[in-house]
Structure formats: C-alpha cells, structure tokens
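Me: Hi! I'd like to walk through a protein with you, one residue at a time. Could you put it up on the screen?

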Amino acid sequence: MIIGVPKEIKNNENRVALTPAGAQELVKRGHQVFVQHTAGEGSGFADDDYTAAGAAILPTIEDVYAIAEMIIKVKEPIEPEYKLIKEGQLLFTYFHFASYEPLTKAMVESKSVCLAYETVEKMDRSLPLLVPMSEVAGRMAVQKGANYLEKPLKGRGILLGGVPGVLPAKVLILGGGIVGTQAAWMAAGLGADVTIMDVSIPRMRYLADVMPANVKTMMSNEYNVRDMIKDADLIVGAVLIPGAKAPHLITRDMLKDMKPGTVLVDVAVDQGGCIETCKPTTHENPTYIIDDVVHYCVANMPGAVPYTSTLALTNATLPYAIQLANKGWKKAAQENPELVPGLNVIHGDIVYKAVAEAFDMDYVPVEKYLVD
Ligand SMILES: NC(=O)c1ccc[n+]([C@@H]2O[C@H](COP(=O)([O-])OP(=O)(O)OC[C@H]3O[C@@H](n4cnc5c(N)ncnc54)[C@H](O)[C@@H]3O)[C@@H](O)[C@H]2O)c1
C-alpha cells in the first residue's frame, strides 16, 4: 500500500503520526511510505531519519495527499486539507467528529473512508488509542502542579516532596482512572502525601493494592470532597463519565475553603472540567487565578511534550496501521473487531451512530460495508 504522512498544520501541533521506526516496519512489509518534508521536525525526527528507514520525502502536503492510498495523521483534517482528500482514500487519525459539523460534512462529501483513533475499541470497552494521551496528561499534571506551587508562580511555595523534618505537600486526585493513576504514581514518586478519590470501589481496591504507602484512596462524594480540599496543596481533576459532561465536584463556593496558593490542574477540562471555575487555557497562557487559587486548565496538555506524545501515540497506532496497510481497511476490520467501531464515515455514509445523531444526519450501519 502507498502510505502518506502529512505534516500537521493545526496550530501548535508538533506531533507526527509515524516515527522513522514505524516507517521502517511498514517498508519492511513491502509498503511504500511518503513523508512530507519536515513532518517529523517538531517531534525531533529529521527527513534523513525517515529516508534512512526506507521512506521517501515529498516537498508539499498536496504531493502527499495526491499519492497516498492511506493517510496517517494525528489531528483531524482542517479546512485547507478538505479539498486534498480523494474519493476512496483511507484516513487514519483523530477526528472527534461529533464536536464539529463542518468536518463531518466535508468528510461525507469527500467519499473517503475515515477511521477514527478515538473510537477504536477493545473487547473490554477500553479505548487503546486514547489511553496513551491520558497517560501523558496524568503524568504531566503533577509536573505542572509542582511547578505552579512555587511562590514566584503564585503558588503556596511548598515543595511537593518536603525535606527531612518538613512534611510533604498534600495532593488530592479526583478520579482514579488512567489520568488519575498516572498522576498518583508521579506525585507518590516525588514523596507527596497523595489521596485518590473515586466512586468505583473495585477501582479503589485495585489502586490500594498497587500503589505505594503514601497513596490512600477515599470515596468521592460532596462531603468528603469539601473536607479534603481544605488541606490540599495540589488538586488534580481527572474524572470521566463516558459520553457525558464531567460533573462539577468542586464548585465556585468551595474556593474560599482552600488555602491561598492552592493549585488546581483540571485535566478533565476537555470534557467541561470537574472544577466549576475551570475554563480551557492554552500552553501560551496556561493559568489564571480566582480567589488566590491557581487554575491550570490546558485542554491539550500532551501537545507540550511532542517527543513523548508522538512515541506514545505511535506505539499504540502502529499495530493497527500495519493491519490496515497489509489487508486494506475492509479485510482488516472483518478480521479485527477492534477496528470496526473506529469506522465513522465510509464512501459518503456516516456509519457511526452517535455522529449521525449529533447532527441529525442519516446513519448507515457499518455492517453494510463489511459483507463480501
Ligand atoms: N487536558 C488534556 O490534555 C487531556 C488529555 C488526556 C485526557 N484528558 C481527559 O482526562 C479525563 C480523564 O480521562 P481518563 O482517561 O483518566 O478517564 P478514565 O475513564 O480512565 O477515568 C475516569 C475515572 O473517573 C472516575 N469517576 C467518575 N465519576 C466520579 C466522581 N464523581 N468522583 C470521582 N471519580 C469519578 C471513574 O470511576 C474513573 O475511574 C477525561 O476527561 C479525558 O478526556 C485530558
């Protein structure tokens, strides 16, 4: 198969969808890989690294779209790319269709085949191509939180791990899923006094088994949250209710109960945030202060560490990309049910129910395209 890797053109997006190692794996299997000039630069990969791995470099994004049977990307195509997409071309990338109608309509009109990273689903209902970014964001939440606790950045001026003779900082993590667990590992590793709150007893039982002694678990309810925020130095928001807006576990009136200089990192901000006073911020201007409480609410945290994020993402996407290249999307989906929910748009039909419903458009069951 002919595979194209365009350079991401979305603002501040430095990730790339294929590393030189990934290119080598595809070339080794008899595929041709074309990478746009400087596509890997933001993640630390030079054009020469790709050519050494057997890929070819093309000068422009138009060249890449024109030659490729499968395009592998990171972010959804943006407006200037719409016209480059060809009928029947396979696009394997994040789409988040339900959040943007013009993209959905453009992909329907293109008659391409859109396989979305975010809806590829394992048998246990986990989302293998979303997990790596949650892992990055969870770990980063503590790195950022520790930083903003410093006095010159308006934090309390407390060192996360303390020092001999001085107690460490208290870290409260709301939600003990992927983000919360990774945040807890980082905070615990730095020596902080960590509490994870969740509503799932099996999840807390698991966390209590695997976490070190400086991590405790506690049932999440309003009473307990109100009690715990009074002493917390860093609070990480990591709650997710699939398909729904995050619940506001910390409301505006609770800020007055916190210590001045407390830092809030609401990772769940992309789902509306679990802290009422959080609104999305950017890496250029990541924080703001309300009632002496520092709010960090960057909606695309992994974007700040493109090297790590690219490797984490491509580790997860490459096995699927290889299947798609080897077999074509139809046979690959017939043989691997994890890919089936990834199919969102095929030849002008929306085959993912929630996307069709989001915009009141026609829905065609994906099975229509999977029979021989
Ligand atoms: N800002 C970013 O850059 C970024 C990056 C990656 C992920 N995220 C977001 O982070 C959030 C968490 O993602 P995840 O992968 O950890 O999800 P997850 O599903 O693995 O974990 C969510 C956890 O929240 C718990 N929960 C649900 N209701 C709760 C409540 N009332 N109180 C306490 N816990 C509750 C669940 O039991 C679960 O353990 C999501 O909104 C995700 O989109 C943001």
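Me: Thanks! Where does Y369 lie?
Reply: Y369 lies in the segment after α11, which covers 353–358. Helices here are DSSP runs of H or I with at least four residues, strands are runs of E with at least two, and both are numbered from the N terminus. This is a predicted model, where local features need pLDDT of at least 70 and side-chain atom pairs count only at pLDDT 80 or more, while totals for chains, interfaces and linings use all residues. Residues are numbered from 1 along each chain as its sequence is written, and side-chain values use heavy atoms, with hydrogens and water left out.

Me: Is Y369 buried or exposed?
Reply: Y369 is buried, because its relative accessible area is 13%. Buried means under 20% relative accessible area, exposed means over 50%, and partly exposed is in between (1.4 Å probe, protein chains only).

Me: Which residues is Y369 in contact with?
Reply: Leaving aside neighbours within four places in sequence, Y369 is in contact with W329, K330, I346, H347, D349, V351 and V364. Contact means heavy atoms within 4.5 Å. Take I346: Y369 and I346 are 23 residues apart in sequence, and their C-alpha atoms are 8.0 Å apart in space.

Me: Let's talk cores. How many residues has the largest nonpolar core?
Reply: The largest nonpolar core has 48 residues, and those with the most contacts inside it are V33, F92, L324, W329 and L343. Helix α10, residues 306–335, gives the most to this core, with twelve residues. A nonpolar core is a set of buried Ala, Val, Leu, Ile, Met, Phe, Trp, Tyr and Cys residues joined through side-chain atoms within 4.5 Å.

Me: And what other core lies apart from that one?
Reply: Another core, of 31 residues, lies apart from it, and L160, A188, L234 and V263 are among its residues.

Me: Back to V33. Which residues does V33 touch?
Reply: Not counting residues up to four places away in sequence, V33 touches I3, V5, L18, A23, L26, V27, A55 and A56.

Me: New topic: which residues other than glycine have a positive phi?
Reply: H96 is one of them, with phi near 50°. K111 is another example, with a positive phi of about 60°.

Me: Where do I find H96 and K111?
Reply: H96 lies in the loop between β5 (90–93) and α5 (101–110). K111 is in the loop between α5 and β6 (113–116). H96 counts as partly exposed because its relative accessible area is 37%, and K111 is partly exposed at 36%.

Me: What touches G348?
Reply: K111 comes up again here! Apart from neighbours within four places in sequence, G348 is in contact with V108, K111 and S112. G348 is found in the loop between β14 (343–346) and β15 (349–350). G348 and I178 are 170 residues apart in sequence and 35 Å apart in space, C-alpha to C-alpha.

Me: Where is G177?
Reply: G177 is in the loop between β7 (170–174) and α7 (178–189). With a relative accessible area of 28%, G177 is partly exposed. Not counting residues up to four places away in sequence, G177 touches D198 and R203.

Me: What about E79, buried or exposed?
Reply: E79 counts as exposed, because its relative accessibility is 58%. You'll find E79 in helix α4, residues 79–82.

Me: Zooming out, how many helices and strands are there?
Reply: The protein has eleven helices and 15 strands. Buried residues make up 52% of its 372 residues.

Me: Why does the radius of gyration agree with a compact globule?
Reply: A compact globule with 372 residues would have a radius of gyration near 21 Å, and the protein has 22 Å, so the two agree. The radius is taken over C-alpha atoms, and the globule rule is 2.2 Å times the number of residues to the power 0.38. Along the principal axes, the C-alpha atoms fill a box of roughly 65 × 45 × 35 Å.

Me: Last one: what share of contacts is between residues 24 or more positions apart?
Reply: Such residues account for 61% of the contacts in the protein with a separation of 6 or more.
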